[in-house]
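Hi! Here is the structure I promised to pass on. Have a look first, and then read my notes below.

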Amino acid sequence: MFGDNLERIVAAIEKNYEADEIFFTKPGRRFPSRTAIKGLITELRRVLFPGYFGPEMLSPSTSPSYFIGQTLIDIESVLREQLILALTYTSDDRDDLVGSGNHLCGGCTSDSICEQTADICTKFFDALPEIQRTLLTDVQALYDGDPAAGSKEEVIFTYPGLYAIYVYRIAHVLYDLGVPIIPRVMTEIAHSSTGIDIGAGAHIGEYFFIDHGTGVVIGETTTIGDHVKLYQGVTLGALSTRGGQRLAGVKRHPTIEDNVTIYSNASVLGGETVIGEGSVIAGSTFVTFSVPPHSRVSVKEQEIRVRQPGERD
Amino acid sequence: MFGDNLERIVAAIEKNYEADEIFFTKPGRRFPSRTAIKGLITELRRVLFPGYFGPEMLSPSTSPSYFIGQTLIDIESVLREQLILALTYTSDDRDDLVGSGNHLCGGCTSDSICEQTADICTKFFDALPEIQRTLLTDVQALYDGDPAAGSKEEVIFTYPGLYAIYVYRIAHVLYDLGVPIIPRVMTEIAHSSTGIDIGAGAHIGEYFFIDHGTGVVIGETTTIGDHVKLYQGVTLGALSTRGGQRLAGVKRHPTIEDNVTIYSNASVLGGETVIGEGSVIAGSTFVTFSVPPHSRVSVKEQEIRVRQPGERD
Amino acid sequence: MFGDNLERIVAAIEKNYEADEIFFTKPGRRFPSRTAIKGLITELRRVLFPGYFGPEMLSPSTSPSYFIGQTLIDIESVLREQLILALTYTSDDRDDLVGSGNHLCGGCTSDSICEQTADICTKFFDALPEIQRTLLTDVQALYDGDPAAGSKEEVIFTYPGLYAIYVYRIAHVLYDLGVPIIPRVMTEIAHSSTGIDIGAGAHIGEYFFIDHGTGVVIGETTTIGDHVKLYQGVTLGALSTRGGQRLAGVKRHPTIEDNVTIYSNASVLGGETVIGEGSVIAGSTFVTFSVPPHSRVSVKEQEIRVRQPGERD
């Protein structure tokens with residue numbers, strides 16, 4: 001149904017491909033697959049929270065060790081493939097090309113990437129039991145902290161806060177191991193379904209609680225202690241990001257110590273801002289300075305005006 | 001590709017299974033299925049808003065009664081199965097086990113659960129025509145209130161506010177009938193796709209309006225009258241939730257009377273807070289006290305500072 | 001499993017169908033398909049950002065022009081079908097019925113709709129190269145502005161801000177061509193997955209930047225210049241919408257000039273509000289008035305109260 005214009009449009013789009021270097025500078029390299037990474041998140045959750053996710057039901061008569069072992073072997077195979085893609089994509093070595101004919105151990109493209117992948121896989125799976133243990137503390141915190149929680153099972157099965165924390169804890173281990181691209185894809189998968197945006201680089205302690213959660217932003221250089229509670233719309237952010245890429249790696253997000261509660265829509269900003277342990281930050285406050293332990297921060301005499309009909313402005 | 005570490009990791013994860021009681025205390029019980037519950041929401045919407053959702057098109061020449069009847073029968077079958085799973089999962093009766101061999105009427109696991117399920121189904125379907133009638137008032141409110149709405153059809157077909165209200169109205173009936181787990185799964189399905197989090201326990205009148213909606217939180221003990229309008233980011237929440245599980249069942253969220261409008265990012269908090277009928281709450285206010293009818297609440301002289309280049313701080 | 005009540009419920013629901021005119025006034029007309037429209041968005045993205053989305057990998061050895069041409073031909077076929085449905089649905093002409101036997105050029109239902117569809121298709125595809133060029137400026141802005149961005153590829157592949165802007169730019173062209181329903185369906189698809197709600201009618205310049213993004217609302221009569229940055233929770237909205245449908249078409253949302261930065265959770269409201277070029281609006285401000293170029297707007301001495309344990313209220 002196209003008329004004469006198809007040829008012209010194709011040429012113009014193709015010209016845009018040529019004009020910008022981002023499109024074709026890396027022949028033979030492929031991006032990791034969002035679908036595969038989402039599958040990893042789903043499968044790992046079945047191992048860490050058996051009986052909740054996935055079709056089959058674990059019961060004492062089946063062997064947990066067989067289920068865990070087989071599922072981990074499947075996960076490792078997918079993770080390894082995505083790691084090779086991500087490491088190859090970001091490699092500066094011209095020889096590290098997917099499909100270069102230089103296949104090592106089933107998909108690796110160079111000795112270096114082969115070694116990195118094996119090393120990351122070993123360390124990642126070694127970290128899983130500890131991730132699982134920490135997530136159980138998060139379940140406990142969500143159950144204890146929310147009067148609307150009917151049971152821990154309901155928390156595991158339905159709470160967006162737990163899902164976002166789960167994905168963050170997985171992504172953070174990969175981030176710490178220097179994996180490119182994949183941690184960000186993971187946290188954006190959680191962000192998309194929960195509205196909670198946790199930078200994979202953030203450091204977050206045990207018993208972490210996020211309720212409702214829509215609009216929560218936790219910047220990538222944030223540090224959070226144990227037993228911290230955040231409500232919907234809380235930003236732990238930077239004071240200014242006008243420095244752009246010059247600020248990459250600099251600590252620009254706050255430090256939140258143990259047992260701090262931050263109510264809905266509060267913003268705590270700045271890399272040098274420290275909220276002392278046990279402090280409570282009221283909703284809708286805007287905090288750009290440090291406070292000592294056990295502070296209660298609120299807007300001083302919020303001047304609300306209530307007018308009745310007939311009153312003048 | 002795993003080395004020696006697989007066995008160690010499996011053992012550690014299996015140990016976590018044992019350590020915490022949440023995983024295997026309920027053999028023979030299964031969680032309701034999120035996928036099945038999402039299917040229920042989709043199918044019910046086809047009955048309540050025919051001609052908008054689903055592949056086939058209703059027209060005067062087809063028989064609506066046949067379409068409604070057949071679809072409801074299909075829905076009932078899925079709902080019953082999920083109800084049995086949910087009631088069995090939360091039952092204290094040891095004999096209420098899925099797969100215990102004690103099958104009654106095609107899936108029920110005990111006389112008690114069989115009766116509860118039948119009773120809930122009857123009352124739920126009896127409530128459907130009234131839910132539909134109420135939803136048509138919501139469509140009207142959304143169309144009347146939004147200058148950007150092109151038509152009522154556009155409201156039905158595309159507005160996230162209507163979807164969240166629809167799911168809430170379904171979930172609320174089940175919540176009132178004492179159904180565990182499923183109402184929460186329903187509201188989280190809506191929350192995930194709209195950013196609007198409405199507790200299934202909330203009471204909400206007719207002609208309810210939510211525009212844009214991302215970040216809206218309506219706590220489970222909130223009461224909302226007729227013709228109420230909420231914009232994005234509004235929280236109807238608790239003053240403090242540090243009481244945790246001790247507050248379960250206590251009214252901790254506000255009462256919003258008829259014809260109240262609450263603009264974007266305002267927070268109205270506390271179980272004793274009553275916003276009198278016809279009041280207007282301005283955007284970004286933080287209201288923790290009651291106001292009489294027809295009040296206009298705003299921040300009193302918001303002290304905004306505007307500096308020009310060269311001016312000092 | 002239904003008892004006597006099925007017949008009664010069916011009758012009551014069918015009565016609701018009759019009672020309200022929105023359901024059956026348009027026999028022979030069908031709504032556009034959300035699934036088909038989502039497919040359009042996905043396929044167009046493969047053309048505009050090749051090598052990132054879709055299974056196959058473009059490399060210099062394959063012919064980009066063949067890939068572009070074939071994919072555009074497929075897209076045109078789907079777009080045309082949805083345009084015919086949307087135009088027919090909203091047509092006042094009684095003869096414009098799908099399935100009326102009056103088929104012209106493979107699906108069109110009248111000469112008028114046939115011509116409109118062809119005209120819209122031509123203009124839409126003509127606009128694609130320019131949309132693509134503009135999107136590359138958005139990628140640049142997102143990369144330059146976010147210290148956490150690892151690469152432009154990461155921006156293209158994972159940033160919700162870019163996805164929302166991409167969908168907006170597509171939807172805006174269709175909106176400007178007078179297409180009903182489809183632009184709104186498109187922007188709600190983006191809203192649902194990103195929490196960013198951009199009215200298709202808004203005018204937005206080049207190098208547009210949205211970070212995190214959850215809760216951002218940009219009203220349909222907003223005008224935004226080049227090099228503008230918005231953060232999560234920013235509302236560019238109306239001062240009051242109590243005028244409802246009487247305000248349709250009136251400019252009720254602000255004008256944001258070039259090089260303005262608006263930090264998280266700020267609200268800028270009103271159709272006569274103009275934020276002068278180069279201005280910076282601090283987080284959590286509430287701005288309902290115009291400011292001259294290069295202003296810095298913040299809350300003047302935000303009165304935060306910090307109490308220590310033992311201090312009185």
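In chain B, strand β5 (residues 223-224) runs parallel to strand β8 (residues 255-256), and two bridges join them. Strands here are DSSP runs of E with at least two residues, helices are runs of H or I with at least four, and both are numbered from the N terminus. Two strands pair if DSSP finds at least two bridges between them. B:Ile224 has B:Ile256 in β8(B) as its bridge partner. Both strands belong to an open sheet of four strands in chain B, ordered β2-β5-β8-β11 with parallel pairing. Its edge strands, β2 (203-204) and β11 (274-275), each pair on one side only.

By the way, this is a predicted model: local features need pLDDT of at least 70 and side-chain atom pairs pLDDT 80 or more, while totals for chains, interfaces and linings use all residues. Residues are numbered from 1 along each chain as written, chains are lettered from A and ligands numbered from 1 in written order, and side-chain values use heavy atoms, without hydrogens and water.

Now chain A. Helices α4 (residues 111-145) and α6 (residues 160-176) pack at about 155°, with axes 9 Å apart. Axes are lines fitted to C-alpha atoms over the stretch in contact, and angles run from 0 to 180 degrees between N-to-C directions. The pair α4(A) and α6(A) is therefore roughly antiparallel (over 145 degrees; under 35 is roughly parallel, 65 to 115 roughly perpendicular, the rest oblique). Residues that meet (heavy atoms within 4.5 Å) include A:Phe124 in α4(A) and A:Tyr166 in α6(A).

Cheers!
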